[in-house]
Structure formats: C-alpha cells, structure tokens
Amino acid sequence: MAVEREQTMELTRAVDGTDDSALEDNAFPRSFEAFYTRELQSVIGLAYVLSGSRFGAEDLAQDAFLVAFRNWERIALYDDPGAWVRRVVANRATSRFRRRTAEVKALLRIGTRRLEVPEIAADAASIWEAVRRLPTRQAQVIALRYFDRQPVAEIARILDCSENTVKTHLQRAKHTLAQRLEKENRP
Amino acid sequence: MKTLEEKLEQASKDVRHQIAQMPARPSGAMRGRSRRHRVAPVVAGIAFLLAVVAGAMLFLAGNAQTTPLSALPILGLDLPSWIPTDATEEESAEGGYRAISYYLPSEGGEHPLVVAKLRLRGIPVGSPHESGRWWMNRTDYETVTVRGHEARLFTSEGDYEVVWRESDQVVVELSVLSGEQSVKREQALSVANATTTLSETEWARMLLLKDVIPAGPTTTATVGNLSRPEYDAV
C-alpha cells in the first residue's frame, strides 16, 4: 500500500513537472511534463500525416501519451521515450481500426472543446495522401524522415528494424511516390 | 519544377506550421484521462443498466418523448433518428465554417456508430477560398444530385464525403464516417438529401453561430430519456 502511494506521488510529481531532480542536463527529459511538452506537437503531426485524420490525430497522439503516462516509471528509463511514443503512434495511425475509432471518438466528444488539425494547403494534403497510399512501413519511414526529421538510425530504432531496411523502404517509397506524383500532375 | 525531396519538405513544413497553431492540451489532462480509462468500464456498465431501466419505463409509458432542439431551429438534418452532438464555428465569415456533428444511435448492431459531420462554409463563388479547397483539386469524384444541386461524391476507405454549393455564398461539405464498418453510399446520399432547404438569408444566418444560438455557452436538450449537453458553443 505504502509502495503504491509512493509510486502515485512520484507519478504526480512527474506529471506536474515538479520533480526537477528528474531532469538531467542535456539528456532526454525524465519528467513526464517535460517529455509531453517537448514531443506533443511532432507526435500529433506524425499522427496526422500517417492517419490523414484532422479530427482523430490529436486523439491518437493523446492516447499514445496516455499509455506512456501510465507506464512512465518504466518508459522514462528507456534511452529514448520519444522513440517509443512514436512507434505507438506510427502503428496506431496506420491501423484502420484505431484510426477510425479515434476519429469517431473525437467527433463524438461532447462538452469539451475538440482539437483538430487546421487544414493544410491542397498541395501538401495531396502529397501526404499519396504517402498514405504507400505500403504501411514505407509510409511510416517517409513520415518519420521528412515530417519528423529523424535520421535513418533513429527511424530504425523507432520501427525496430535495421538501418538497411529503413534505407530500402525509403528508396522504394520515393521511387513509387515520384512515379505517382508525376502521373497525377501530367496534364 | 520542385523535386520530390522539396515537395516532401514543403508538405512537412505546411503540417508543422498548422500543428503549431493548435492549442496544446495541458499534460495534467492525462491524469483525468487515465482515471477515465480506469473507470470507463464501470461507468459503461452503470450507464447500460440505467438505460435499460429508463428504456423499460419509457416503453411502459408508451411514448418516448424527445424535446426538439429549440435553440437550433434551422440546423441541420431532417432525419429524426440522427442526434446532433456538437456544433462549432471557426471565424464564420468568408472562408470560415460552421460544423455540426450528428450520430446515428446504435440499433444493437455490432458496429453502432455512424457519424455525419456537416460543415457549412462561407465561400463566395470564385473566391480564393474556393480554389484552395481540397475538393476543387481532386478529380476522383462522382457527380450526384443533392436536392437539385450538383454535388461531388468522394469516397475513401469506405467513408464518403459529399460536397455541393448550396448558394452563391455557401458550400456544404458532408462527411459520413463509421466507427468500424464501411458506410454505404446510399446512406451518405440520404443524409445529404436530408439537409434542410433554406433561403439565402437563412443560410447566411447559419454561418453566424452566435445569431442562431443567443443562449448561454451550453444548451441542454433531452434525447429520449437521456439528458446531455448537445453542444458547446465556442
């Protein structure tokens, strides 16, 4: 019981960001507050470009952070909690069931202000639409490389595969995208 | 001519720019969310029992009373079974929009949720806002007729979107989404055709949420036996 209470207090301190000792210089933030603040926007963006859902992207991201929050004691010890939360979002955003559930939940939320991604320019929207039509892994690699500006090594870590696999996906994705976009833009 | 890399960079930049404009939900909300996730099954169970009891009472009374949404006299869909859940506006002058969400309650099926989101946009014919809309730049649509108006029907992974110009000033965009199953084309079209026919003045008024909803920030309507806040006018 006492252990559970202490764990709860630690978690609360982590959420409030009041545990300054949890922050390490030049290291990944160990308080949930700092982690959340630092990663939120790019994780929502990743959810958006991969799901295409302006209504559900924030929910997908929040759900991933919720899982991180509930397991923060463990996840905070990872070398890179950001990679973990990106993996969760990348997988959920490309799962049709998860994506649709998040969208419906967001649309049905009653009594609270819904957050939705503002509309992007038509050109950008069509590029991401083409990305989403790629095979799942290729779409994830493109989103992480270009939207999230992750290096190949980090993408490999996020997607739990080798760097060579990432390079292969990247190459194939770009080849397919270039062909498709050229075809679509042909008069 | 931009290279693929440049296009991807630009598309990424656009998304980052838009995301940066979103208000951030504070991390403290996680505690509430976490609590909700833990208590959700219990609440769902209690709600189910209450619904069964209340439903039985209404059945015995022989009459399921539904109070009309008097604050929204000109909103929406003329489909009694669809329940409005949410209304928002965003800079509803030119280029802005007003959105109303509806859902179709479960009929006990395995896939209960179908959501219709109706967006009313103040977009004059030929305005820059018109050329920037996604449906202007897509060619993969089917032309259909919605209450005498020519409309574009788009489909994506089983969901449907219908877009039509209601007047010289107003465009309606309707998304029909389902939680788990594909939405039937006919269902999307029936929702589109059930939108209320309004005069030019009424359409203009619909784009001004505050004019239509003069009451306080939250209006409560009674739907069957359940009382719920219908929308949060923000």
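**View 1. The largest nonpolar core and its most connected members.** Among the 60 residues of the largest nonpolar core in this predicted model, Trp128(A) and Ile142(A) touch the most other members. Such a core is a set of buried Ala, Val, Leu, Ile, Met, Phe, Trp, Tyr and Cys residues joined through side-chain atoms within 4.5 Å, where buried means under 20% relative accessible area, with a 1.4 Å probe and protein chains only. Helix α2(A) gives the largest share of this core, 11 residues.

**View 2. Surroundings of Ile142(A).** Leaving aside neighbours within four places in sequence, Ile142(A) is in contact (heavy atoms within 4.5 Å) with several residues, including Trp128(A), Phe147(A), Leu170(A) and, from the other chain letter, Leu8(B).

**View 3. Helix α2 of chain A.** This helix, a DSSP run of H or I with at least four residues, covers residues 32-51 and bends by about 50 degrees at Glu39(A), the bend being the angle between axes fitted to the seven residues ending there and the seven starting there. Because 15 of its 20 residues are buried, α2(A) is largely enclosed by the rest of the structure. Just after α2(A), Gly52(A) has a positive phi of about 75 degrees.

**View 4. Helix α8 of chain A.** Of the 12 residues in α8(A), 9 are buried, so this helix too is largely enclosed by the rest of the structure. Arg149(A), which follows α8(A), has a positive phi near 55 degrees.

Residues are numbered from 1 along each chain as its sequence is written, and chains are lettered from A in the order in which they are written. In this predicted model local features need pLDDT of at least 70 and side-chain atom pairs count only at pLDDT 80 or more, while totals for chains, interfaces and linings use all residues, and side-chain values use heavy atoms, without hydrogens and water.

Technical notes
Helix = DSSP H or I, 4+ residues; strand = E, 2+ residues; numbered from the N terminus. Buried < 20%, exposed > 50% of the residue type's maximum accessible area, 1.4 Å probe, protein only.
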